[in-house]
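Work through the exercises below with the coordinates loaded. Each task is followed by a stepwise solution.

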Amino acid sequence: MTTTQIDDATSKDDGLARDARELRRHVDEVIAAMPVTDMHTHLYAPQFGELNLWGIDELLNYHYLIAELFRSSTITYEKFWGLSKTQQADLIWRALFVEQTPLSEATRGVIAVLSTLGLNTRATDLRETREFFRAQSAEDYLARVLKLSRVSEVVMTNDPLDESETCTWKSEVKVDTRFHAALRLDRILNSWTDAVPKMSAQGYQVQSEIDERTISETRRFLDDWIARMKPLYLGVSLPDDFTYPEDTPRGRLLRDAVLPVCREHDLSLSLMIGVRRRINPALRMAGDGLGRADVNVVAHLCAENPDARFLVTFLSRENQHELCVAARKFNNLMPFGCWWFLNNASIISEITRERIELLGTSFIPQHSDARVLDQLLYKWTHSRRVIADALYESYEGLLRDGRAVTRREIERDATKLFSGNFRQWVGLGAPETIESGTVMHTA
Ligand code: FIX
Ligand code: ZN
């Protein structure tokens, strides 16, 4: 059926987007206004004090930009790490924004933030930009960024073995309700020998060799931290050679402590797979790389644990298609995000189209992974654009196949993608209705 035939077959006031132009307008308007639940970030609520990062010096010291600096500057690693944060930011601004055109995703991001805030994107130094940020109050600036980025809820990454945040959790302070916790298991699952003394210091009877008491104490540790943080899920990043089952501390702890705890508390486990940590240690946090992983491992976990739920993302582009196929087989698997090195327009576009073709709307297209509050301003703007293009093309294909969609249907689909699928998966309740671009959440 052609577009003209659909025109003839439907009345004018049925709310259908009958032609490509009308469809494009509806998709763009709906996606631009859609509130987001950002299901994986490294942001912190204001109650976490200095962990709550914002402003130009933090933005420029993002590890993505530090890696790019060393492609353009001759400064040595030692000298760079010896500079103050302000000096590092000055150097990055000069090398990546003044002496060259900021074309990479991470540099364009800083430009988009400055532009959104009405600041000079061609400044030759940071004096005025710093003055602007100095004049902001943290509270008002947070409200402004959340409003401008249309992010209504943020999920943090919370390490129960990191003293810089455990003191806040142990205090009676009320954490801003726009921020949710996610309990991170990296130390426990990936560096057990580091975790042991830290857990012992918190009063748990664990030891390097995994015995029954260590398992039951790890479960007690997780139970206590779940009670304290009330996380939406438990999460871990894993290397590309991750396998399961395996006779290692990670394999044993995963099988005998983490998965039973997830079941008992009805919590999902988030697996972020494919990172090769510190392939260039001199770059510190900017020195991580990636490798192709084995998606069959996840399929196996899903098959063996039908009563557990997994949120899964892979870092390698080569794993994306296999992840979609695994998700078609296991409805306890929810693919999410275009993680880190995949968070670029060309790759988000490819992955999102592939996911729509194989999974319809039953996936979570993106998370920001923001580390600095202001990054919400560009990461979501960039992602919204690409996701809108992918959705528009799908609806346009559907129109050519003979079915027009209504604006309500576009809103229903976008709500699932930007918040609903995640909220439902973690038991936050489905977004209820959309009234003039506002999604009302049930408690
Ligand atoms: O493990 C993670 O959660 C990663 O996202 C980070 O470790 C990484 O440094 C990052 O910021 C990626 O965007
Ligand atoms: Zn992350």
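**Exercise 1. State whether histidine 42 and aspartate 369 are buried or exposed, then describe the zinc site.**

Step 1. Histidine 42 and aspartate 369 are both buried, where buried means under 20% relative accessible area, exposed over 50% and partly exposed in between, with a 1.4 Å probe and protein chains only. The model is a predicted one, in which local features need pLDDT of at least 70 and side-chain atom pairs pLDDT 80 or more, while totals for chains, interfaces and linings use all residues. Residues are numbered from 1 along each chain as its sequence is written, chains are lettered from A and ligands numbered from 1 in the order in which they are written, and side-chain values use heavy atoms, without hydrogens and water.

Step 2. Donors are N, O and S atoms within 2.8 Å of the metal (3.2 Å for Na, K and Ca); water is not among the atoms, so sites may look incomplete.

Step 3. The donor spacing in sequence is H-x1-H-x326-D. Histidine 42 sits in the loop between strand 1 (36–38) and helix 3 (56–60), and aspartate 369 in the loop between helix 17 (345–359) and helix 18 (376–401), 327 residues apart. Helices (H or I, at least four residues) and strands (E, at least two) are DSSP runs, numbered from the N terminus.

**Exercise 2. Find how helix 7 packs against helix 18.**

Step 1. Helix 7 (residues 105–116) meets helix 18 at about 110°, with axes 8 Å apart. Axes are lines fitted to C-alpha atoms, for helices over the stretch in contact, and angles run from 0 to 180 degrees between N-to-C directions.

Step 2. The two helices are therefore roughly perpendicular, a class covering 65 to 115 degrees; under 35 is roughly parallel, over 145 roughly antiparallel, and the rest oblique.

**Exercise 3. Describe the setting of serine 149.**

Step 1. Serine 149 lies in helix 9 (residues 138–149).

Step 2. Serine 149 has a relative accessible area of 3%, so it is buried.

Step 3. The serine 149 side chain reaches the backbone oxygen of leucine 146 at 3.5 Å.

Step 4. Apart from neighbours within four places in sequence, serine 149 is in contact with Leu376, Leu377, Trp380 and Arg384.

Terms used:
Polar contact = N/O pair within 3.5 Å; in protein donor to acceptor, adjacent residues only side chain to side chain. Contact = heavy atoms within 4.5 Å.
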